[in-house]
Each structure stands twice: as C-alpha cells, then as structure tokens.
Amino acid sequence: MNIATAKSISIIELLAALGHEPVRISSDRYCYRSPIRDETEPSFCVSKKRNEWYDFGLGQGGDIINLGKRLFETNDVSAVLSRLDKLSLKQVVHPSEKVRVATAQSAVKMEKVHLQPLQYNPLMSYLRSRHIDIVVGMKYCKEIWYTHGKKRYFGIAFENIQNGVEIRNPYYKGCMGHKDISIIHAESIGVQSAVCLFEGFMDFLSFKTLEKLGDERVCVGELCDYIVLNSVANLQRCLQRLGAYEHVYCFLDNDKAGMEGCRMVSNIYPTKVINMSDNYCEYKDVNDCLIGREKV
C-alpha cells in the first residue's frame, strides 16, 4: 500500500475497525471520545467529506497517516501503511479528490447569537494549532455562539467596521452579517504615518505573535495601524483610506490574488507601498511563516 492509497481510506472506517464509534454525528461531522488519549467528553472530530480529523483537546489534527502514527504509536510511515493494509479497509475516498482545510461559506442564517470574551478551551487549542499566542488572540478576538438549523455552534469571532463578524474554527470559515474590512488602530494616541495591510485576521494575529516574539524579518519597526481585508475582494473598500498614510506595508498572500492585490495598491500609491511578502516568499502567507510550513 502506498500513501495515496492509504489516504483514500475513510478515517471513520478505520476508527470503526479499531472499535471506536462516534458519540455524535452532525451532518458531515463525526464526534468521538479521543482514540489517542483518555477523555470523558467527545472532542475528537472527523470530517467525512474531507477525510480529516481534529482533536480539540490537543489542538492537533491531520490526515489518516498522521492519525495512524498516533494510533499505532510509530513515526514510521511504512509501518503505518503496513498496519492499514492488514486491516483490509475499503477505499471510499478517491485519492485525487481535492481536500480543503476549511469549508469557506457565505453568510448563513444564525440565531441566538452570543458574543463573549474568548475563553473556550477548544478554540484556544485551535489558536495553538496555528501557533498564535493566546494572549494576542484574546486581545483582538471574541468567542461567538450561535444556533443554525436547531444546532448550536461556536467559533472565534473577529469584528469588522460594519459590525459583521468573521468566524473561524477548524471546520468552518464564514461571516455573520455584512462582510467588510476591519481596522485596528495603534495603541499610541494620534494618527499614525504607517499602516499594515493583511488579507485575513489569522495573518494579522500571526503578525502580532511574531512581533511579540521579537521577529525582525517580517515585522515593522514603527507604530502602525492595521487593516484586515477579510477577503481580497474587499480591497477596493480600503483604497481611499490608504491614501492617508505615508507608508503602506502589504502583507498579502504569496499567490495570484495576493500579488495582484499588492500590484493594484502599488499602482495607485507607487511611493508608499512596501511589499512585505518578499520577506516570507517561501511561505504562502504570514500564518504559514509563523508555523514554518513552507510552500510545496
């Protein structure tokens, strides 16, 4: 058995073969008591569609190979493949099926919405999995609870200038209310001469974490305001605001959309823009740079 074949095996089928049954099933999401550690409340979840697992208690997750290493207590991929082969599990996921880390969704109807300070342990674990400093996360984000389709959900909330809320957890990426940019002013009193521009709030949190760690490669050595686009599609919404600053530090993604966005800003403000993505050119974005996950 090779890796591609192994990844075509359902994690749900693997867990069933090893005697682990879900405690709760909610659409695509199967929740278990963790098979890799002791716990009483189920916090180990599997996405059937993406064939990926995430353990909220550990703040870690991955594919069937990562899980196999933990289940079979080995770091040897060949040993994992051998154990999977011996179980003779059916292949239910096509090896070439494109897998996404998070399901991007448009705004959905949310009821019984409640915002509060960020404190829920599974969400803290999610931030840790992205290597984001917890104190940074608690400072700039909130915790949201809401009902959709008679089910209760939670996520990390990041507010924009129209009181809309960007929502993230390991299995959901969406927005409540109007989608718009977010602006975070420097703590120093007065108008700043520089602004940092980010595509998503996870990149902003990653930047603030790197700043706290004393990083000099990515971070900026002057007081700045911060604008988070929450989508490159919102770039037009902030172009006029950028004209008020002497320096515009672009921390957009190292992909086609990010490069085109930076080029657009540079064309309008050629003497102001500094393309900071060159400082993490081997990474897709600032969060990948923080994690150290280089582009393939």
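Predicted model: local features only at pLDDT ≥ 70, side-chain atom pairs only at ≥ 80, totals over all residues.

1. Let's begin with the largest nonpolar core. It holds 43 residues, and those touching the most other members are Ile 156, Cys 196, Phe 204, Leu 205, Phe 207 and Phe 251. At least two residues each come from helix 5 (121-129), helix 6 (134-140), strand 8 (151-159), strand 12 (194-198), helix 7 (201-212), strand 13 (225-228), strand 14 (247-251) and helix 10 (286-291). Helix 7 gives the largest share, six residues.

2. Beyond its neighbours within four places in sequence, Cys 196 is in contact with Phe 207, Val 220, Cys 224, Asp 225, Tyr 226, Ile 227, Tyr 249 and Phe 251.

3. There is also a second, separate core of 20 residues, with Leu 14, Phe 44, Ile 65 and Leu 81 among them. As background, nonpolar side chains in soluble globular proteins tend to be buried together.

4. The protein chain has an average pLDDT of 87, and 92% of the residues score at least 70. Please take care with residues 94-107, where the pLDDT is below 50; this stretch has 24 contacts in the model beyond near neighbours in sequence.

5. Helix 4 (residues 77-87) has Val 80, Leu 81 and Leu 84 buried. These three lie on the same side of helix 4 because they cover an arc of only 100° around the axis. Their cover includes helix 1 (3-7), helix 2 (11-17) and helix 3 (64-71). On the face turned away from the buried side, helix 4 carries the exposed residues Ser 78 and Lys 86.

6. Have a look at both ends of helix 4 too. After helix 4 comes Ser 88, which has a positive phi, near 50°.

7. Is Asp 253 buried or exposed? Its relative accessibility is 6%, so Asp 253 counts as buried, the cut-off being under 20%. Asp 253 sits in the loop between strand 14 and helix 9 (256-268). Its side chain makes a polar contact of 3.1 Å with the side chain of Lys 284. Apart from neighbours within four places in sequence, the residues in contact with Asp 253 are Glu 199, Asp 203, Gly 258, Met 259, Lys 284 and Asp 285.

Terms used: Residues numbered from 1 in each chain as written. Heavy atoms only, no water. pLDDT = per-residue confidence, 0-100. Contact = heavy atoms within 4.5 Å. Core = buried A, V, L, I, M, F, W, Y, C linked by side-chain atoms within 4.5 Å. Buried < 20%, exposed > 50% of the residue type's maximum accessible area, 1.4 Å probe, protein only. Helix = DSSP H or I, 4+ residues; strand = E, 2+ residues; numbered from the N terminus. Polar contact = N/O pair within 3.5 Å; in protein donor to acceptor, adjacent residues only side chain to side chain. Arc of directions from axis to C-beta.
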